[in-house]
Amino acid sequence: KILVGCLSVIIGYVAGLITMVDFYHAGILTVLTFYFFRQRKWWCYVGQLICMWYINVEMLGGFSYELHFGDKIYFLSRQGFALLALLPIWMYQGKQGYHNKIIQYIYYAFYPLHLLVLGIIKLL
């Protein structure tokens, strides 16, 4: 199993780079992280957190916010906020929540609308 897991990671990593899928190799590693740590055990949550931190902060780091506390400066990776998505993922109980057509369209509209709002805020 360990050999198959290691080969899956290597092949997925290279395939992500070659095919230029979303987030390249990091996107493939994200999917593999959730596959290998899919059980609802404490060590799987820790494994997801460590892997997702490495993928989002170390590999994809990118732009960082500067936080000034007294005479010290801390850098907070924008991509690191993706770790907050682990909370609703961990709370999912395998059942679909309340839904109807109105809620469905609200969720569909949220992504482009929040980007529009953020773009307007940036212009101000």
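Guide: Happy to. First a term: a residue is buried if its relative accessible area is under 20%, exposed if over 50%, and partly exposed in between, with a 1.4 Å probe and protein chains only. This is a predicted model, where local features need pLDDT of at least 70 and side-chain atom pairs count only at pLDDT 80 or more, while totals for chains, interfaces and linings use all residues. Residues are numbered from 1 along each chain as its sequence is written, and side-chain values use heavy atoms, with hydrogens and water left out.

Visitor: Good. How many disulfides are there?

Guide: The count is 0 disulfides, where a disulfide is a pair of cysteine sulfur atoms within 2.5 Å. C44 is in no disulfide, and its nearest cysteine sulfur, that of C51, is 11 Å away.

Visitor: Is C44 buried or exposed?

Guide: C44 is buried, at a relative accessible area of 0%.

Visitor: And what about C51?

Guide: C51 is in no disulfide either; the nearest cysteine sulfur for C51 belongs to C44, 11 Å away. With 24% relative accessibility, C51 counts as partly exposed.

Visitor: OK, on to the helices. At what angle do α1 and α2 cross?

Guide: Roughly 150°, and the axes of α1 (residues 2-19) and α2 (residues 24-36) come within 7 Å. Helices here are DSSP runs (H or I, at least four residues), and strands are runs of E of at least two, numbered from the N terminus. The axes are lines fitted to C-alpha atoms, for helices over the stretch in contact, and angles run from 0 to 180 degrees between N-to-C directions.

Visitor: So which way do they run relative to each other?

Guide: α1 and α2 are roughly antiparallel to each other. For the cut-offs, angles under 35 degrees count as roughly parallel, over 145 as roughly antiparallel, 65 to 115 as roughly perpendicular and the rest as oblique.

Visitor: Which residues make that contact?

Guide: From α1 there are G5, S8, V9, G12, Y13, G16 and L17, and from α2 there are Y24, H25, I28, L29, L32 and F36. Contact means heavy atoms within 4.5 Å.

Visitor: How many of them are charged?

Guide: The contact of α1 with α2 has no charged residues, along with 8 nonpolar and 5 polar ones. In this scheme Ala, Val, Leu, Ile, Met, Phe, Trp, Tyr, Cys and Pro are nonpolar, Asp, Glu, Lys and Arg are charged, and the others, Gly among them, are polar.

Visitor: Nice. And how do α2 and α3 meet?

Guide: Their axes come within 10 Å and cross at roughly 170°. α2 and α3 are therefore roughly antiparallel to each other. H25, A26, L29, T30, T33 and F34 of α2 make the contact with Q48, C51, M52, I55 and M59 of α3. By class, the contact of α2 with α3 divides into 7 nonpolar, 4 polar and no charged residues.

Visitor: I'd like to zoom in on T33. What does T33 touch?

Guide: Leaving aside neighbours within four places in sequence, T33 is in contact with Q48, C51, M52 and I55. T33 is found in helix α2 and is buried, with a relative accessible area of 6%.

Visitor: And what does Q48 touch?

Guide: Not counting residues up to four places away in sequence, Q48 touches T33, F34, F37, L86 and W90. Q48 sits in helix α3 (residues 42-59) and is buried, with a relative accessible area of 5%.

Visitor: Switching to the backbone: what is the phi of M20?

Guide: Near 55°, a positive value in a residue other than glycine. M20 lies in the loop between α1 and α2 and is exposed, at a relative accessible area of 55%. Y24 also has a positive phi, near 50°, and is a residue other than glycine. Y24 is in helix α2 and partly exposed, at 39% relative accessible area.

Visitor: Last one: where is G97?

Guide: G97 is in the loop between α4 (86-91) and α5 (101-123). G97 is partly exposed, with a relative accessible area of 47%. From C-alpha to C-alpha, G97 and S64 are 35 Å apart in space, and they are 33 residues apart in sequence.
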